[in-house]
Structures are given as C-alpha cells and as structure tokens.
Amino acid sequence: MNPYILSALLMALGLGTTLTFASSHWMLAWIGLEINTLAIVPLMAQYHHPRAVEAATKYFLTQAAAAAALLFASTTNAWISGQWGISELSHPIPLTIAMLALALKIGLAPVHSWLPEVLQGLDLTTGLILSTWQKLAPFALLMQLQTPLTSTSLLAMGILSTLVGGWGGLNQTHLRKVLAYSSIAHLGWMTLVLQFMPSLTLLTLLTYFVMTSSVFLVFKANHSTTVNQLTLSWTKAPALTAAAPLVLLSLGGLPPLTGFMPKWLIMFEMTKNNLMLLTTIAALSALLSLYFYLRLSYAMALTIPPNGLATSASWRFSSHQLAMPLAVFSTATLGLLPILPGVAALLSP
C-alpha cells in the first residue's frame, strides 16, 4: 500500500477513536465509530486475496448493522426523553439495544460469531489492530452505559463470553481463530467486573492489549498462521521460541506471569460482591483457555520436525520485523506481576 494512503488511514483510525473518547453526544460518538470502521476496511482488503475481501465484507456488514442499531437506540432515547447525551440513556429499551450494538461491535457473546471468521481472513498486522485498537472506542461507550438496569445483562454476556471463548478455541488449528476466541474470553472477564470496578476493567483491557500484541508479534516474526507451522520455530529463532510459551501462558493467566494479575483481581472483586457461582464458572472457563495455550506452547517449544504433525515443511525467509516492539511487549507480558500490590492499592477506594 502507498505509504501516504497508509498514513492517512492510520490517522483516520486515531481520529475516530479520539472523537468517540471526547464526545458526550451520541451523534458525535457514532460518527467516530463510523470513521473507525471506514478506515480499517481498506487495510483489511489491501492484499486483494479472496479471504481478505470476504473478511472485509463481513466486517463492514457487521459493523454497519451495529452502527444502525446504535443510531436507532440513541434516536429512540432522544424521542422518549429529549436528551442526546451518552449518560442520559436511561430508558430500558434503547439502553438494551445500545448495549447489544456495542457488544456486536467488539465481539461479545452471544453476538460474537463474526470475529473468528473475520480475523481468520486478515494478515497478522491488521488482525492486531482489530484485536486491540478497534475495541477501545466501543468499550469506552460500554463503560459509560453500565447502570443498575444493565447489571444482569452485563453478567450474562460476560460469563457467556468466557465460556464461548474457552470452548470455541479448543479444536482450532488456525492461530488467528485461536486468538479470536481468546479475545472473546478476555472481553468476558472485563465485562464481568465492569459494573463493580470500571478501573479494574480498564486495567484488564490494557493488560490484554500488551499480551495480545506480544503474541501477534511472535507469530509474525515466525511467519506462522497454523499450529503446524509453529513446529518450525526452533530452526529460525531459538531464543524467541524459548520465551514464546511463557508469553502464551501469560495470556492464559498462569502465575507468576502478568496475565494472572487481572484475573486474580477480578475474582477477588466478584467474591466480595457474593458472586461465588459466577466466579467459579469463570475460573473453570479460564482452564479451558489455558488448555489451548498449552497446545500452542507444546507445538512451538516441545516438537521439532519431522516429529511434529504430518505436514510438508514450508520455506522460511528471515524476518524483517523490528525487534524492539516485540522485546518491550514480551517483557511486559512476562514481568509485571510484582507490581500487583501497587495496582491493588491504586484500585482500592
């Protein structure tokens, strides 16, 4: 892609997200979401591959439906109450429609089925943008919508997302689909604690961004898109292959790695609010997610061709990826757990 066009699209992504962050009016927030959508669609279809075009089309139709539902909800609320402010959405019907529209935009269960299919058709760089940056603006709106009226809906979507993310990734062989179900599961954890401690939701979101960025960059450095291709990692980057299982296990929430911190704090907060059953189900669903991260770790670090799965070895070129972002994100993914007492002190009222 032409660097000027690429720069313009990336600036449009930043503009759309910033506009949504800064707006208190539903129309401005909706415009920011639309700028975001229209900016990333050309990035999705830039390689002119049938899978990429299909993914861009599915993403555009899904986001258009979510944007139409969001505009309908805000218009209905303005008709009922005469208010266009984001915090003024108080009637149950438009509030429920707006929540489902935002859940559709970020890929929360039960409106999640588009995310694995779209992410499967993208290259790893665009998939990283979709899994991280594109969730910021809708999640900011969702955090402003949480009220006592939405308590049951948020808990239901959160626990369903953790279960769907855990079960859905078990039998996947494509890495991008595994990461899509991982995204659904992590979004479920964030939604569970949203109404009790929004600051903890924000911490979980930022921690997820760091861990997901490191995993995407590891796969990009190895030119790997399937589990079978991970077995070729030792010959090209042995040091990276040794560290990658720790990155994957951190994403699964295994102590003493960084990914354990948000899950521990979320379970602690839910226990304080007497949600023992939901906490237990969420913890068990985390074990499901941990299983497919262990599968990836085994394929990457404990198998060497020809002892791996039966497949023909692909030709491997040297990676030209910058090492600094990967080093920074991997270090943060592995070593931020010691700051847990400080984070807990900051989050406590």
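Is K177, at 18% relative accessibility, counted as buried or exposed? K177 counts as buried at that value, where buried means under 20% relative accessible area, exposed over 50% and partly exposed in between, with a 1.4 Å probe and protein chains only. The model on screen is predicted, so local features need pLDDT of at least 70 and side-chain atom pairs count only at pLDDT 80 or more, while totals for chains, interfaces and linings use all residues. Residues are numbered from 1 along each chain as its sequence is written, and side-chain values use heavy atoms, with hydrogens and water left out.

**Salt bridges**

Helices here are DSSP runs of H or I with at least four residues, strands are runs of E with at least two, and both are numbered from the N terminus. E117 counts as partly exposed, at 37% relative accessibility.

Then move to K272 and E269, which meet in a salt bridge at 3.6 Å, N to O, and which both lie in helix α13 (residues 260–272), three residues apart. E269 is buried, with a relative accessible area of 9%.

**Aromatic pairs**

Four aromatic pairs are found in a search of the whole structure; rings of Phe, Tyr and Trp (its six-membered ring) pair if their centres lie within 6.5 Å, and planes under 30 degrees apart count as stacked, over 60 as edge-to-face and the rest as tilted. Among them is the tilted pair of Y208 and F209, 6.1 Å centre to centre with 50° between the planes, and both of these residues are buried. Select F292 and Y293 as well: their ring centres are 4.8 Å apart and their planes at 55°, so this pair is also tilted.

**An annotated span**

Finally, colour residues 149–170, one of the spans that an unreviewed UniProt entry places as "transmembrane region", bearing in mind that UniProt positions are given in the numbering used here, feature names are shortened, and annotations may be inferred rather than shown by experiment. The end C-alpha atoms of residues 149–170 lie 34 Å apart, and the span is 82% helix and 0% strand.

Notes
A salt bridge is a side-chain nitrogen of Lys or Arg within 4 Å of a carboxyl oxygen of Asp or Glu.
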